[in-house]
Amino acid sequence: MRLWIALHLPRLPLEVFCPRWSDDHCTVVLEQERVAALADSARAAGVEAGMRRGGALMLAPHAQFQQRAPQREAEALDAVAMALLRFTPQLAMAEEATLLLDVGASLRLFGGVRPLCRQIAASLRALGFTATLGCAPTARGAWLLARAGAGRALTVASMARRLARLPVDLLPPARPYLAWLEGIGCLSVGAARALPRPGLQRRCGRALLDMLDDAHGERAELHQWLAAPASFRAKLELFDRVEQADALLCGAHRLLLQLTGWLSAHQFAVERIVLSLEHERGRVARAPTMIEVVLAEPTWRDEHLVRLLKERLAKQTLEAPVIGLCLEAPRVRPMAPPSESLFPEPGGSKEDWQRLLELLTARLGPENVLRAAPRADYRPEHANAWVGAHDKIRPADARAQLPPDLPSLPRPAWLLAKPIALLMRDHRPFYGSPLKIVSTGERIEAGWWTEMQTRDYFMAEGRDHAHYWLYRERGGNDAEAVTRWYLHGLFG
């Protein structure tokens, strides 16, 4: 099934300066000293499109006047297109701030036309833009429905009926001839299509006939698909000086939506992202504040990245106001195929576990989320090290650090940070009660290169039937040293 979705952004000139997720400051956009776009608050004050600057200033003296910026509008449209690549790789830019998406192959993935349209609309709202959506079996038909706000048509017949009722001035090639068309009573697209083709071509040119044929599926349409860049780097200029880090999440989410679109277009998953918080420039310039998020498992979904950045920004203290954001993805890898397992793993998948670790790391800090890593050392307090939860250790390297498989006493799960010296009562070590040795000894002599240790370890049992791990220091011929006992661990 061939299906197109067209998105027309009628308020793009305004939302470049006043996005939906920021405050509306009664913005008026001028083009050649005439009002090209205006905010609702300016319209409520009496300002209208086409009005001169002086008249608008008289009606709304507190309005913020901005000159139309075609370059910034093109950058905003590129950002929207980049974010929408997550829905389909076949995306083209059309005239009059409209995007065309060939979504025929994406319907089953996103659950049908209506869920797909809802997700596209939600992405646009998160980006801070407003769009009218049109859906039709042809690209030009969807373009016309979006320009008129005429909704969706899923079959050629219903599309033709909807197009026939649209005003003829929606067709760009017909606009120079509107006076002639109105003079003969041709006011709709259906009426223009019913005119004799040879006469209409002589009067209005071939371009009008071609557009009518494109809209009704009678001519093959050619499009230039948007190509995602080889590397990702997106910037966002804020509309005010932000002094609270958590207020930057909305702008960061906008950049993350572009990132997920870029990842989907390349079939990549990201392993590390870097968010730069740009400060004032010029005489009081400061170096950007860098926020780096390292992922244990690569991902291409924005929900998890938003949660991680939310935790990091909540802990971030800004040393200076922020005026811009920049997001980069310096480390990516090919997207892993979905799991072929018939049954889900109990307790969640490996990816769910990694996402939990990443969220804890972002919330508590990387220095507080650690995991054990063995060391090739016989001394118990040196046989393990704590490394970051995201530090990658090859299984072969971990096995190489384990001691040889020699017979030894069981090791306790709870090793004390510092051994406790024990009292002696009736020639027996005492810890709450006299301790009874219940195992043979295990001798450890190691550490001659740093700190020599000569110890004999035993398992002991108290009157409460709890088991303890003790060691006795060996000090040569000194009898007092031989009887010095220490508690080093507890068994469960």
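Predicted model: local features only at pLDDT ≥ 70, side-chain atom pairs only at ≥ 80, totals over all residues.
Biologist: Which residue of β11 is the bridge partner of Phe268?

Modeller: Strand β9 spans residues 268–278 and strand β11 spans residues 322–334. These two strands pair in the antiparallel sense over nine bridges. The bridge partner of Phe268 in β11 is Pro334.

Biologist: Is helix α7 largely enclosed or exposed, and which elements do its buried residues pack against?

Modeller: Helix α7 (residues 139–148) has 10 residues, and eight of them are buried, so the helix is largely enclosed by the rest of the structure. Among the buried residues are Arg140, Trp143 and Leu144. Their packing partners include the strands β1 (4–8), β5 (91–94), β6 (98–102) and β7 (132–136). The buried residues of α7 also pack against the helices α8 (156–164) and α12 (206–215).

Biologist: Does Leu360 count as buried, partly exposed or exposed, and what is the reason?

Modeller: Leu360 lies in helix α15 (residues 350–364). Together with Trp353, Leu356 and Leu364, Leu360 forms a nonpolar surface patch with about 380 Å² of accessible area. Buried means under 20% relative accessible area and exposed means over 50%. Because its relative accessibility is 33%, Leu360 counts as partly exposed.

Biologist: Which residues make up the uncovered face of strand β18?

Modeller: In a regular strand, side chains alternate between the two faces of the sheet. Strand β18 comprises residues 442–446, and its covered face holds Glu442, Ile444 and Ala446. The uncovered face consists of Arg443 and Glu445.

Biologist: Which residue in the turn between β18 and β19 has a positive phi?

Modeller: Strands β18 and β19 (residues 453–461) pair in the antiparallel sense over five bridges, and Glu445 stands opposite Thr454 in β19. The two strands form a hairpin with six residues between them. The turn residue with a positive phi, of about 90°, is Gly447.

Conventions
Residues numbered from 1 in each chain as written. Heavy atoms only, no water. Pairing = 2+ DSSP bridges. Helix = DSSP H or I, 4+ residues; strand = E, 2+ residues; numbered from the N terminus. Patch = residues over 30% accessible without salt bridge, like charges linked within 9 Å, V, L, I, M, F, W, Y side chains within 5 Å. Areas by Shrake-Rupley, 256 points an atom, 1.4 Å probe, with all protein chains shown as cover. Salt bridge = Lys/Arg side-chain N within 4 Å of Asp/Glu carboxyl O. Buried < 20%, exposed > 50% of the residue type's maximum accessible area, 1.4 Å probe, protein only. Contact = heavy atoms within 4.5 Å.
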